[in-house]
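Please look over the sequence and the fold shown here, and then follow the account below, which goes from a pair of helices to the sheet and on to a single residue.

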Amino acid sequence: MSPTKTVYVLIGPKGSGKTHIGTLLERAFDITFLSVEKLGLANIPQSTLTGRELLQEGFHQEEVEIDRILAGTDAMSCESTGAAEYFYVVLERLRSKYDVKLLRIYSPLETCYQRVHDRDQTAHIPVSEQLLRSINEQAATVDLNWDLQIDNSRPLPEWEILDQFRSRFAGTT
């Protein structure tokens with residue numbers, strides 16, 4: 001593993017636009033985007049675990065998939081709410097192997113809730129309204145040393161997101 005490989009971690013509440021932005025970066029810069037929602041939807045039904053153990057297993061699977069992707073490319077992106085304690089364990093392991101860039105994606109929580117309710121539910125891990133609010137309240141308080149912050153309160157034009165990314169990470173994409 002090489003520290004010259006880069007992982008862009010998009011962090012924000014559910015509904016803030018992480019998947020949209022990750023997909024956009026993949027199309028524009030050929031940076032593979034790992035959707036943890038899709039990974040979870042594929043793996044959760046096969047697991048016999050529940051609760052905290054299931055969450056840890058999901059983070060482990062995500063890390064394995066990141067390693068697999070970066071075996072064949074120099075940069076990729078993934079998403080997280082940053083609300084789970086175990087996220088920070090995986091984040092430190094990723095930092096020991098790769099150049100990790102943290103991108104905060106934010107929107108007002110009420111906007112996030114509306115987006116969650118309006119989106120295709122089959123493409124996301126189902127959570128109760130109470131759990132959604134708990135996750136998003138925690139996610140909104142995540143405070144890290146951000147490499148880039150994208151205010152996605154209103155749907156930004158794609159060019160604006162790409163310009164922000166390009167101006168911050170010129171030469172690394």
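**Helices and sheet**

Helix 1 and helix 7 are roughly perpendicular to each other. In this predicted model, helix 1 covers residues 18–29 and helix 7 covers residues 158–169, and the two pack at an angle of about 75° with their axes 11 Å apart; that angle counts as roughly perpendicular because it falls in the range of 65 to 115 degrees. On the side of helix 1 the contact is made by His20, Ile21, Leu24, Leu25, Arg27, Ala28 and Phe29, and on the side of helix 7 by Glu158, Ile161, Leu162, Phe165 and Arg166. Sorted by class, this contact of helix 1 with helix 7 holds eight nonpolar, one polar and three charged residues.

The strands come next. Strands of a sheet pair through backbone hydrogen bonds, either parallel or antiparallel. Here five strands form an open sheet in the order 2-3-1-4-5, and the pairing is parallel. Strand 2 (32–34) and strand 5 (148–151) are the edge strands, each pairing on one side only, and from one strand to the next the twist averages 20°. Helix 4 (residues 85–97) packs on this sheet, where helix 4 touches strand 1, strand 3 and strand 4 and has a direction that makes about 140° with that of strand 4. Helix 7 also packs on the sheet, touching strand 1, strand 4 and strand 5, and the direction of helix 7 makes about 170° with that of strand 5.

Strand 1 deserves a separate look. With strand 3 (residues 75–80), strand 1 pairs in the parallel sense over six bridges; within this pairing the bridge partner of Leu10 is Glu79, while Ile11 stands opposite Ser80. With strand 4 (residues 99–106), strand 1 likewise pairs in the parallel sense over six bridges, and there Tyr8 has Lys101 as its bridge partner. In a regular strand the side chains alternate between the two faces of the sheet.

Two packed helices are described by the angle between their axes and the distance between the axes. The axes of helix 5 (residues 109–118) and helix 6 (residues 129–139) come within 11 Å and cross at roughly 140°, which makes helix 5 oblique to helix 6. The crossing of these two helices is right-handed. Leu109, Glu110, Cys112, Tyr113, Val116 and His117 in helix 5 meet Glu129, Leu132, Arg133, Asn136 and Glu137 in helix 6, and by class this contact of helix 5 with helix 6 has five nonpolar, two polar and four charged residues.

Val116 lies in helix 5 and counts as buried because its relative accessibility is 8%, where the cut-off for buried is under 20%. Leaving aside residues up to four places away in sequence, Val116 touches Lys14, Gly15, Gln121 and Leu132. The C-alpha atoms of Val116 and Gly17 are separated by 9.8 Å, although these residues are 99 residues apart along the chain.

Conventions: Residues are numbered from 1 along each chain as its sequence is written. This is a predicted model: local features need pLDDT of at least 70, side-chain atom pairs count only at pLDDT 80 or more; totals for chains, interfaces and linings use all residues. Side-chain values use heavy atoms; hydrogens and water are left out. Axes are lines fitted to C-alpha atoms, for helices over the stretch in contact, and angles run from 0 to 180 degrees between N-to-C directions. Helices (H or I, at least four residues) and strands (E, at least two) are DSSP runs, numbered from the N terminus. Angles under 35 degrees count as roughly parallel, over 145 as roughly antiparallel, 65 to 115 as roughly perpendicular and the rest as oblique. A crossing is left-handed if the near helix is turned anticlockwise from the far one by less than a right angle, and right-handed if clockwise. Contact means heavy atoms within 4.5 Å. Ala, Val, Leu, Ile, Met, Phe, Trp, Tyr, Cys and Pro count as nonpolar, Asp, Glu, Lys and Arg as charged, and the others, Gly among them, as polar. Two strands pair if DSSP finds at least two bridges between them. Buried means under 20% relative accessible area, exposed over 50%, partly exposed in between (1.4 Å probe, protein chains only).
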